[in-house]
Amino acid sequence: MTARKMTKTNPALKEGDAAPDIQLQTDTGDTLRLSSLRGKNVVLYFYPRASTPGCTVEACEFRDASRAISSRDAVIIGVSPDDAGPQ
């Protein structure tokens with residue numbers, strides 16, 4: 001996914017706003033459409049690059065909290081500009 005410049009026609013989202021429907025390729029090669037998760041709570045986080053120290057810490061924190069997050073009927077999705085596929 002490529003970042004787009006925020007404009008009046010593409011305003012920055014604020015906490016609690018509904019996310020636009022996006023479609024991305026997963027690390028397994030499948031396609032995920034955000035709308036397929038309608039009705040679930042979604043933790044959507046963005047990071048600049050896989051396997052960097054800060055991003056690894058962030059991903060590990062989500063992993064460590066995944067049981068508590070999933071108990072709230074939520075899924076965690078991390079998005080980066082990296083090529084799809086195992087890192």
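1. Let's start inside the protein: Tyr45 and Phe62 are both buried (under 20% relative accessible area with a 1.4 Å probe, protein chains only; exposed is over 50%, partly exposed in between).

2. Please keep in mind that this is a predicted model, where local features need pLDDT of at least 70, side-chain atom pairs count only at pLDDT 80 or more, and totals for chains, interfaces and linings use all residues. Residues are numbered from 1 along each chain as its sequence is written, and side-chain values use heavy atoms, leaving out hydrogens and water.

3. The average pLDDT (the predictor's confidence in each residue, from 0 to 100) is 80 for the protein, and 83% of the residues score at least 70. Over residues 1-7 it is below 50, and this stretch has 9 contacts beyond near neighbours in sequence (contact means heavy atoms within 4.5 Å). Where pLDDT is low, the predicted coordinates should not be read in detail.

4. The structure holds 2 aromatic pairs (rings of Phe, Tyr and Trp, the last by its six-membered ring, with centres within 6.5 Å; planes under 30 degrees apart are stacked, over 60 edge-to-face, the rest tilted). The ring centres of Tyr45 and Phe62 are 4.3 Å apart and their planes stand at 25 degrees, so this pair is stacked. Tyr45 sits in strand S3 (residues 41-46) and Phe62 in helix H1 (residues 53-64), 17 residues apart; helices (H or I, at least four residues) and strands (E, at least two) are DSSP runs, numbered from the N terminus. Ring pairs join Tyr45, Tyr47 and Phe62 into a cluster.

5. Which residues does Phe62 contact, leaving aside its neighbours within four places in sequence? They are Val43, Tyr45, Ile69 and Ile76.
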